[in-house]
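Please read them with the coordinates open.

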Amino acid sequence: MTRFGLGGGPERSARMSAGLNRIAVRIAPYADPFAAQLLSDLAVWVFAFDDHCDEDLPSLTPTQMLRMVTRLQRTIEAPGVPLGEDPFGLALRDIRLRLDAIATPVQVRRWVDAMRGYFLAEAATGAAPTAPGSPQEVSDYLLTRLHSGAALAVPVILDAVGAGLPAPLWEDPRIRALTEMAAGIVVVDTDIHSFAKESQRGSRSGNLIAVLEGPHRPGPGQGPQAASALRDSITRRFLHLGEQTAKATADPRIQRYLDALTQYVCGVRDWCAATSRYHPEQPDGDRHQPRGAGAACGPPDDTPLTPPPIASIAWWWAVDGAPPASP
């Protein structure tokens with residue numbers, strides 16, 4: 001953050017330094033120092049870019065936003081030629097070049113593709129910002145939110161660090177659904193914990209709780225409970241499908257990847273609950289300790305397995321069929 005000047009003013013720099021250096025040890029406590037630093041730096045970049053868009057660039061037109069994220073995407077597609085001196089572009093290029101050291105070319109391409117989804121989500125948000133309480137459908141909101149925050153890019157790095165799934169396994173519908181569900185749980189948890197901050201400071205991307213409290217929704221004050229119920233429903237399906245998938249194959253790579261996704265979900269949840277970025281009354285420090293192996297972070301036992309009426313994620317509950325092949 002300091003090296004590339006991503007922190008902004010003193011207030012934002014203080015907010016950015018609030019526990020972000022501990023997020024990697026929560027989501028991947030098994031990673032070696034190089035990989036952990038890479039994950040930490042990606043988290044810093046994403047949070048800094050989010051604050052940059054919210055606070056420095058709220059008046060960007062959709063065309064300007066699209067042009068900016070297209071340049072950033074090109075920076076990681078072709079890192080050999082830096083595009084200008086934009087500090088965010090240079091910092092992201094540095095992350096991309098370091099990823100080459102721990103990931104295969106196929107994994108790097110997966111990460112680049114996942115970041116493209118992230119930038120498309122940012123461009124879509126800039127084209128149609130969500131005002132708090134606007135009557136945006138939950139399905140449409142989640143369709144965009146699932147890609148935001150690089151939530152689908154992190155699992156690619158987790159796979160590179162530990163599991164190393166070959167293409168047939170990575171593209172298997174069960175693995176794809178589990179990856180999306182992990183990202184979905186992460187972004188819903190983040191929305192729940194960041195709602196107060198975003199309500200106070202404003203956010204161009206909106207928040208699930210605000211959407212749930214919009215017209216024709218449960219109503220004011222019901223959004224947090226509805227968001228938590230949705231999070232628990234996705235988590236229950238994630239754990240159920242993960243258990244089925246693990247039992248259906250003896251391939252250790254699948255179990256390693258499922259363990260990594262579970263740690264990702266639990267780690268982000270614990271970090272959100274402990275960081276002063278979202279909870280200013282809580283000092284960052286000792287509470288930032290990773291869960292022990294096998295620690296539970298599941299929903300209540302009475303959470304239903306039936307899918308919520310949300311079209312964009314309904315396929316997670318429809319995945320079935322033969323177990324993943326093990327090439």
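1. Start with the α12/α13 pair. The crossing of α12 past α13 is left-handed. Helix α12 spans residues 223–247, and its axis lies 10 Å from that of α13, at an angle of about 160°. That angle makes α12 roughly antiparallel to α13, because angles over 145 degrees count as such. On the α12 side, the contact is made by Arg 231, Thr 235, Phe 238, Gly 242, Thr 245 and Ala 246. Helix α13 contributes Ile 254, Gln 255, Leu 258, Leu 261, Thr 262 and Arg 269. Bear in mind that this is a predicted model.

2. Next, the overall make-up. The protein has 13 helices and zero strands. Of the 327 residues, 52% are buried. Consider also the contacts with a separation of 6 or more: 75% of them join residues 24 or more positions apart.

3. Thr 303 deserves a look. This residue is found in the segment after α13, the helix of residues 252–274. Is Thr 303 buried or exposed? Its relative accessible area is 8%, so Thr 303 is buried, the cut-off being under 20%. Beyond residues up to four places away in sequence, Thr 303 touches Asp 232, Ser 233 and Arg 236. Arg 237 is 66 residues from Thr 303 in sequence, yet their C-alpha atoms are 9.5 Å apart in space.

4. Which residues of α4 are buried? They are Met 65, Met 68, Val 69, Leu 72, Gln 73, Thr 75 and Ile 76. These residues cover an arc of only 150° around the axis, so they sit on the same side of α4. The face turned away from that buried side carries Thr 63 and Arg 71, both exposed.

5. Met 115 connects with this region. It lies in helix α6, residues 105–127. With 0% relative accessibility, Met 115 counts as buried. Setting aside neighbours within four places in sequence, Met 115 is in contact with Gln 73, Ile 76, Leu 92, Ala 150 and Ala 153. Gln 73 and Ile 76 are among the buried residues of α4. Leu 72 is 43 residues from Met 115 in sequence, and their C-alpha atoms are 9.6 Å apart in space.

6. Where is Ala 150? It lies in the loop between α7 (138–145) and α8 (154–163). Ala 150 has a relative accessible area of 1%, so it is buried.

7. Last, helix α7, at one end of that loop. Val 138, Ser 139, Tyr 141, Leu 142 and Arg 145 are its buried residues. They cover an arc of only 160° around the axis, which puts them on the same side of α7.

How values were computed:
Residues numbered from 1 in each chain as written. Predicted model: local features only at pLDDT ≥ 70, side-chain atom pairs only at ≥ 80, totals over all residues. Heavy atoms only, no water. Buried < 20%, exposed > 50% of the residue type's maximum accessible area, 1.4 Å probe, protein only. Helix = DSSP H or I, 4+ residues; strand = E, 2+ residues; numbered from the N terminus. Arc of directions from axis to C-beta. Contact = heavy atoms within 4.5 Å. Axes fitted to C-alpha atoms, helices over the stretch in contact; angles between N-to-C directions. Parallel < 35°, antiparallel > 145°, perpendicular 65-115°, else oblique. Left-handed = near helix turned anticlockwise from the far one by under 90°.
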